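Here is a short tour to read alongside the sequence and the coordinates. Keep both open as you go.

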Amino acid sequence: MRDSITTARQGIPSIALVTDAFWPQGDFVAAATGMPAVPRVRLPHPVAGSGEEAMTRVANDIAPQIIAILTGATSN
């Protein structure tokens, strides 16, 4: 979250990738830093150590969301 907020403040398009378990903490950090609308994409938890097949599935699932956010096709 903080890296995405820092880069967004510098005018660099950014999206935070946040797992389900940390989504509420992401809400708190975004609000506490004055950027409650910083773009985020929700990932299943855990992602780390889930294996190459699971990572490929997650990447395929979230790639369209990331593209849509970065191109302005949707707001998150």
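## A helical salt bridge to start with

Which side chain meets that of Arg57 in a salt bridge? The partner is Glu53, at 3.7 Å from N to O; a salt bridge here is a side-chain nitrogen of Lys or Arg within 4 Å of a carboxyl oxygen of Asp or Glu. Arg57 and Glu53 are 4 residues apart in helix H3 (residues 52–71), separated by about one helical turn. Arg57 is partly exposed at 47% relative accessibility, while Glu53, at 63%, is exposed. For these words, buried means under 20% relative accessible area, exposed means over 50%, and partly exposed lies in between (1.4 Å probe, protein chains only).

## About the model

This is a predicted model, in which local features need pLDDT of at least 70 and side-chain atom pairs count only at pLDDT 80 or more, while totals for chains, interfaces and linings use all residues. Residues are numbered from 1 along each chain as its sequence is written, and side-chain values use heavy atoms, with hydrogens and water left out.

## Overall layout

The protein chain holds 3 helices and 2 strands, and along the sequence they follow the pattern α-β-α-β-α. Helices (H or I, at least four residues) and strands (E, at least two) are DSSP runs, numbered from the N terminus.

What about overall dimensions? The C-alpha trace spans about 35 × 25 × 15 Å along its principal axes. Among contacts (heavy atoms within 4.5 Å) with a separation of 6 or more, 63% join residues 24 or more positions apart.

## Two salt bridges that reach strand S2

The count of salt bridges comes to 3. In one of them, the side chains of Arg42 and Asp20 meet at 3.8 Å, N to O. Arg42 sits in strand S2 (residues 40–43) and Asp20 in the loop between strand S1 (16–19) and helix H2 (23–32), so this pair ties together parts that are 22 residues apart in sequence. Both ends are partly exposed: Arg42 has a relative accessible area of 42%, and Asp20 has 37%.

Asp27 and Arg40 also pair through their side chains, at 2.5 Å from N to O. Here Asp27 belongs to helix H2 and Arg40 to strand S2, so parts 13 residues apart in sequence are tied together. Asp27 is partly exposed at 37% relative accessibility, whereas Arg40 is buried at 8%.

## The nonpolar core and the surface

Ile15, Val41, Leu43, Val47, Val58, Ile62 and Ile69 make up the largest nonpolar core, with 7 residues. Such a core is a set of buried Ala, Val, Leu, Ile, Met, Phe, Trp, Tyr and Cys residues joined through side-chain atoms within 4.5 Å. S2 and H3 are the elements that give two or more residues to this core, and H3 has the largest share, with 3 residues. In soluble globular proteins, nonpolar side chains tend to be buried together.

Take a look at Val47 too: leaving aside neighbours within four places in sequence, Val47 is in contact with Thr19 and Met55. Across the protein chain, buried residues make up 29% of the 76 residues.
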